[in-house]
Amino acid sequence: MDHFLYRDGSLYAEDVPLTEIAAEVGTPFYVYSTATLLRHFRLFDEALEGTDHLVCYAMKAASNQAILKTLAQAGAGMDVVSEGEYLRAKAAGVPGERIVFSGVGKTGHEIRTALTGGIRQFNIESEPEMQVISAIASELGVIAPITIRVNPDVDAKTHAKIATGKSENKFGIPIARASEVYALAASLPGLEVIGIDVHIGSQLTELEPFELVYKKVAELTEQLRSEGHNIRRLDLGGGLGIPYARSNDAPPLPVEYGALIKRTVGHLGCEIEIEPGRLIAGNAGLMVSKVIYVKSGEGRDFLILDGAMNDLIRPAMYEAHHDIVPVIEPAPGAEQQPYDIVGPVCESGDTFAKQRNMPKLTAGDLVAFRSAGAYGAVMSSEYNTRPLIPEVLVHQDQFAVIRPRPTFDEMINRDTIPEWL
Ligand code: LLP
């Protein structure tokens with residue numbers, strides 16, 4: 001459920017009509033609903049009630065400071081994958097002891113920053129990384145809390161580009177080698193082994209892969225404990241999917257996911273961490289765009305929008321579906337027609353949808369891309385020297401620009417000219 005509903009014939013974000021934001025901010029823009037962000041965070045938090053747990057929002061999904069602050073104030077921890085994300089989390093007021101550092105390629109500099117600023121744990125993905133963390137922690141005279149990410153070789157049944165739990169993927173250490181790698185960790189200075197980490201992929205729409213993996217994690221916990229490791233924290237990753245097309249069956253709910261966690265690993269008495277990103281931010285954000293032209297092509301009509309693949313890359317990159325709806329509510333039974341919905345960028349891949357049935361639209365009409373809150377703004381670029389589009393946060397009847405649109409001067413003046421020119 002989200003807080004983007006038609007009211008009085010037009011689409012609202014909470015109590016603010018999108019037409020009002022468009023008039024003030026211009027199009028295209030991203031808009032997020034505070035109530036939806038909080039609702040989704042709380043669904044996870046409540047699903048794990050009764051177990052010692054921390055929901056670490058995977059901020060790669062949407063990392064605007066205002067979004068992070070909203071979630072941090074509700075009690076969220078953060079899962080970060082770079083120094084930039086770590087510093088963003090800190091800047092939003094998240095204490096180090098609520099920040100988990102994931103990722104296969106943490107550099108020495110990133111590790112140093114996190115060890116100096118405070119970190120809940122590093123999720124280690126390889127032996128060389130472990131050696132580097134051990135060396136830096138020893139040099140700084142601190143102990144780095146760590147988990148080791150295991151690769152369980154389980155098919156997450158999602159898009160190949162966002163599956164991470166098969167042995168062919170670059171993530172984690174093979175679960176079969178866990179004993180050996182945990183023994184190495186225990187022997188190195190500057191490290192404290194506290195748990196196990198796993199994350200098998202994103203946009204999972206079934207519970208079965210989670211169940212398979214969490215059972216393997218439970219077995220591994222017992223095995224490692226019997227080998228003398230004090231396993232007391234399980235980071236179970238993110239990945240629960242969202243309904244991109246309202247017409248499809250909805251994926252499992254956080255409450256069902258939470259029950260599965262309790263059923264599979266609850267008996268171990270470990271502290272539980274999860275790292276959801278998409279489910280918290282995805283349906284809490286829209287991208288709003290304007291029709292520039294309606295163009296009649298050979299056997300098809302194109303809606304040419306002012307938003308493009310550089311603003312929302314998911315359709316081009318993952319063949320992702322986003323529901324696209326008119327901001328002005330169509331009359332009941334209004335005539336529909338198929339459109340190819342495209343942006344202005346000079347690539348055929350700049351196509352959001354093909355032959356999508358929409359009510360008849362004309363130049364100047366606004367449309368909203370649903371489920372664009374996760375992996376939308378954060379994956380945008382300035383390709384074609386198109387400015388990064390603004391982000392707006394709504395809270396009840398108020399809205400605020402939380403990242404302004406840069407001016408062309410700002411964009412151009414970031415380049416520097418060498419003296420020989
Ligand atoms: N934890 C780790 C270690 C991750 O790699 C990810 C996502 C998450 C948590 C959060 O997963 P979520 O709950 O959001 O599914 N750009 C792609 C998605 C990439 C996901 C990468 N890792 C997309 O637009 O679909």
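Student: Which residues is K60 in contact with, leaving aside its neighbours within four places in sequence?

Tutor: K60 is in contact with V81, E85, G277 and V378, where two residues are in contact if their C-beta atoms, placed from the backbone, lie within 7 Å. This is a predicted model, in which local features need pLDDT of at least 70 and side-chain atom pairs count only at pLDDT 80 or more, while totals for chains, interfaces and linings use all residues. Residues are numbered from 1 along each chain as its sequence is written.

Student: Is K60 buried or exposed?

Tutor: K60 is buried because 24 other C-beta atoms lie within 10 Å; a residue is called buried if 20 or more other C-beta atoms lie within 10 Å of its own, exposed if 12 or fewer, and partly exposed in between, with C-beta atoms placed from the backbone.

Student: And where in the chain is K60 found?

Tutor: K60 is found in the loop between strand 5 (53-58) and helix 3 (65-73); helices (H or I, at least four residues) and strands (E, at least two) are DSSP runs, numbered from the N terminus.

Student: What does UniProt say about K60?

Tutor: An unreviewed UniProt entry gives K60 the annotation "modified residue: N6-(pyridoxal phosphate)lysine". UniProt positions are given in the numbering used here, feature names are shortened, and annotations may be inferred rather than shown by experiment.

Student: Which residues does UniProt place in the feature "binding site"?

Tutor: The unreviewed entry lists G239, E275, P276, G277, R278 and Y375 under that feature.

Student: Where is the place of P276, and what does P276 touch?

Tutor: P276 sits in the loop between strand 13 (271-274) and helix 10, and, not counting residues up to four places away in sequence, P276 touches F44, V55, Y57, A58, G238 and L240. With 28 other C-beta atoms within 10 Å, P276 is buried.

Student: What about R278, buried or exposed?

Tutor: R278 counts as buried, because R278 has 26 C-beta neighbours inside 10 Å. R278 lies in helix 10, and, once residues up to four places away in sequence are set aside, R278 touches A61, S202, Q203, G241, I242, A374 and Y375.

Student: How many residues surround the ligand?

Tutor: There are 20 residues around the ligand, and the closest are S202, G238, G277, R278 and Y375; a residue is near a molecule or strand if its C-beta atom, placed from the backbone, lies within 6 Å of it. Helix 10 (278-281) and helix 11 (314-318) are the elements that give two or more residues to this shell.

Student: What's the shell like by class?

Tutor: The shell around the ligand has 8 nonpolar, 8 polar and 4 charged residues, where Ala, Val, Leu, Ile, Met, Phe, Trp, Tyr, Cys and Pro count as nonpolar, Asp, Glu, Lys and Arg as charged, and the others, Gly among them, as polar.

Student: Which domains give residues to that shell?

Tutor: Domain 1 (4-31 + 282-413) and domain 2 (34-280) both give residues to the shell around the ligand, so the ligand lies between them. The domain bounds come from an automatic or database domain assignment.

Student: How far apart do the C-alpha centres of domain 1 and domain 2 lie?

Tutor: The C-alpha centres of domain 1 and domain 2 lie 32 Å apart, and the contact takes 22 residues from domain 1 and 21 residues from domain 2. On the side of domain 1 that touches domain 2, strand 20 (391-395) and strand 21 (398-403) each supply at least two residues, and the largest share, 4 residues, comes from strand 20.

Student: New topic: where is Q396?

Tutor: Q396 is in the loop between strand 20 and strand 21, and Q396 has a positive phi of about 55° although it is not a glycine. Q396 counts as exposed, because 12 C-beta neighbours lie inside 10 Å.

Student: What about the phi of K157?

Tutor: K157 is not a glycine either, and K157 has a positive phi of about 55°. K157 is partly exposed, with 14 other C-beta atoms within 10 Å, and the place of K157 is in the loop between strand 9 (144-151) and strand 10 (173-174).

Student: Is the peptide bond from T27 to P28 cis or trans?

Tutor: The peptide bond from T27 to P28 is cis, with omega near -10°, and P28 is in the loop between helix 1 (18-25) and strand 4 (29-33).
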